[in-house]
Amino acid sequence: LLLLASSHNSIILDFFAGSGTTGHAVMELNKEDGGNRKFILCSNQESTPEAPEKNICRDITYERNKRVIEGYTDSKGKEVEGLGGNLNYYTTEFIKTEKSTDDLRMKFIHRCDEILCIKEDTFKKVALKTDIKSLHLYERTDTYTAILYDVLDFESLKKLLGVLNKPVSVYVFSLAENEIFYKEIEDIDRDIQIRTIPSEILQVYKKIFNF
């Protein structure tokens, strides 16, 4: 692990995470040298016909690392300080094609939020004082991620960007070039970056939303 994580910004992937030791070690290493390493832990449920509710990934791998982040009491009753950080638990599933188009669109939007939040390392969803359902906002201590799924609501996005007090990464689902959106927001006195949507996501977007 030390060899693979030699860079302070390494991303460590463990496909057989077991009890989550890799994640714990990465967080300890970050604490030791001030690194900003990230980790992805993969595991399965290990359920059986005799124990269908068994879920090693959720109840052991995830729970252990969650406690390492937040702090916990050890077996001797000693309080162990948390190391801090962000941790999210995701599951995989098959998308059934017989679902309605509306269902597929909602599932697509939910999954895109998750993927883009992982990319930007912003996991806390911010409640907006608006009924615009196509506009989503996430944050961490020093930045925001804004995602707009309907370009017709771009004016609502502009209003939001005008009141935010931290740098913002913006994703706009549209076939238009990013330069168009930069011109629309260039008068806003804020550190704003219009991000390019990954091509794989954009292709799925075009199919589901009939572009």
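Tutor: Contact here means heavy atoms within 4.5 Å. With that in hand, look at the whole chain. Among contacts between residues at least 6 apart in sequence, 55% join residues at least 24 apart. This is a predicted model, where local features need pLDDT of at least 70, side-chain atom pairs count only at pLDDT 80 or more, and totals for chains, interfaces and linings use all residues. Numbering starts from 1 along each chain as its sequence is written, and side-chain values use heavy atoms, with hydrogens and water left out.

The protein chain has six helices and nine strands. Both are DSSP runs numbered from the N terminus: H or I over at least four residues for helices, E over at least two for strands. The C-alpha trace spans about 60 × 45 × 35 Å along its principal axes. Of the 211 residues, 36% are buried. Buried means under 20% relative accessible area, exposed means over 50%, and partly exposed falls in between (1.4 Å probe, protein chains only).

Now the core. A nonpolar core is a set of buried Ala, Val, Leu, Ile, Met, Phe, Trp, Tyr and Cys residues joined through side-chain atoms within 4.5 Å. The largest one holds 19 residues, and Leu157, Leu161 and Val170 touch the most other members. Two or more residues come from each of β6 (135-140), β7 (143-148), α4 (154-163), β8 (168-172), α5 (178-185) and β9 (192-194). With four residues, α4 gives the most. Start at Leu157. Beyond its neighbours within four places in sequence, Leu157 contacts Leu135, Ala146, Leu148, Val170 and Val172. A separate core of 15 residues includes Phe108, Ile109, Tyr149 and Phe173.

Next, the sheet. Five strands form an open sheet with mixed pairing, in the order β5-β6-β7-β8-β9. Strands pair if DSSP finds at least two bridges between them. At the edges stand β5 (124-125) and β9; each has a single partner strand, so one side of each lacks a neighbour in the sheet. Three bridges join β8 and β9 in the parallel sense. Val170 has Ile194 in β9 as its bridge partner.

Two helices sit against these strands. Helix α4 packs on the sheet and touches β6, β7, β8 and β9; its direction makes about 180 degrees with that of β8. Helix α5 lies across β8 and β9, at about 155 degrees to β9. For such angles, axes are lines fitted to C-alpha atoms, for helices over the stretch in contact, and values run from 0 to 180 degrees between N-to-C directions.

Phe154 and Phe181 have ring centres 5.2 Å apart and planes at 35 degrees, a tilted pair. Rings of Phe, Tyr and Trp (its six-membered ring) pair if their centres lie within 6.5 Å; planes under 30 degrees apart count as stacked, over 60 as edge-to-face, and the rest as tilted. Phe154 lies in α4 and Phe181 in α5, so the pair ties together parts 27 residues apart in sequence. Both Phe154 and Phe181 are buried.

One last detail. The charged end of Lys166 sits over the ring of Tyr144, 4.5 Å from its centre. That label needs NZ of Lys or CZ of Arg within 6 Å of the ring centre and within 35 degrees of the ring normal.
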